[in-house]
Amino acid sequence: MNELNIGKLYKQYGLTLALAVLTILLTAACSKEEPSSVQPTSAASIPNAGKSVREESETSASAKESVRTAFQQEEQVDRQAEQGSAPKGDTNRNPIEAVLRMYEALQADDSESYFQHADIPSVRISPAKLKVLIEEAGKREVRPERFMVFDKEMLDQASRQLLAITYGSQAEIVLEELSQGDHNLWFVTAFTDGLKVVEQSTIYPGAYELGREAAMEELIAVEIRHTAEDRAFLAAKAKMPVLTPVQTVSLLYQAAQAEDQETFYAISGGAEGYFSGHYVQDMVEFTEWMKSFESVQHVRIEPVSKENIAENYRVEFDKRFGSAWQFIVAWGSEGEASYQGTYWIMAPGGDESRYVVRQVLTANLESFFR
């Protein structure tokens, strides 16, 4: 707009209209400045500004925490997915890998590592037998392709039941191919401290008068019976159970997880044990509890020395169960800090060949400790 037009406006409409037009022009000119030239309004000049800032800060912190939690949950899901799709080389999942790790320890003459991957009762009770295993392993070339897991479903029902009672409801049989059709049998089962090799034997074609055409399941069925008898003989001779109290409790949780009532009842002590009534509901509590655990390997099961048990309970247990009782605790998912768990009073059975359940209680166990 030129000076002439402004002059005409001034004459025609007066000073007020002219000032209004000039104001519009100045506003348009100011709007062309860079945004950085505009200064923020002071918070002090705005009512309740401090409260708004605090609320915004808290909201931001809350949002960050939500995001952090979401990432943690995502990482946890990822870890669980990785665990669910663990490679076959995972010792805690693969019985063949447990046997191979045992072989590595034997060939390295590493007894400490051996007992991390194996606990064969005859070797534990007679250490000289460990030297024999070490010598035999040193003569053998271990080739993973010679190992396979035998399908237990090929066994008859009686053999499967004996396998479960002797080695656990989730025990696996690993076949190691030797020469001329011979095979080593490695029995592997899960305890609270991982998969372990718990027995070894060898089968030959034509053994047990079955003939060279005998099926593998027939040979294995007979060997299961023989190894079970050998373990019973060993326990009687050594006058001590072949399974430790912690191992016995581990196998009870195995049976509960597999909903194997017969094995649960037998391992607990049968008619001699705490569950002598053999009621269906006896196992339900432990079956339900195991649903929150992928495996007994993820349950913390440990012995508690008598010195750490409150005196009044020690006196009571001595009166009721004799002096050989042991106090085993399976801690809940919260761990020892919450004292929530199940205690198992274990004591040798009448023939001293096994530990028998004498009492069980699931509760807050803090009062039982000194």
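**Salt bridges and burial**

I found Lys196 buried, with a relative accessible area of 5%; buried means under 20% relative accessible area, exposed over 50% and partly exposed in between (1.4 Å probe, protein chains only). This is a predicted model, where local features need pLDDT of at least 70, side-chain atom pairs count only at pLDDT 80 or more, and totals for chains, interfaces and linings use all residues. Residues are numbered from 1 along each chain as its sequence is written, and side-chain values use heavy atoms, leaving out hydrogens and water.

Lys196 pairs with Asp193 in a salt bridge, with the closest N and O atoms 3.5 Å apart; the term means a side-chain nitrogen of Lys or Arg within 4 Å of a carboxyl oxygen of Asp or Glu. Asp193 is exposed, at 52% relative accessible area.

I then looked up Glu272 and Arg358, whose side chains form a salt bridge at 3.7 Å, N to O. This pair links distant parts of the chain, 86 residues apart: Glu272 lies in the loop between helices H11 (261-268) and H12 (284-290), and Arg358 in strand S8 (residues 355-364). Helices (H or I, at least four residues) and strands (E, at least two) are DSSP runs, numbered from the N terminus. Glu272 is partly exposed at 32%, and Arg358 is partly exposed at 24%.

I also noted that Glu97, Arg101 and Glu104 are linked in a salt-bridge network. The structure holds 12 salt bridges.

**Helix H10**

How many residues of H10 are buried? I got 12 of the 13, so H10 is largely enclosed by the rest of the structure.
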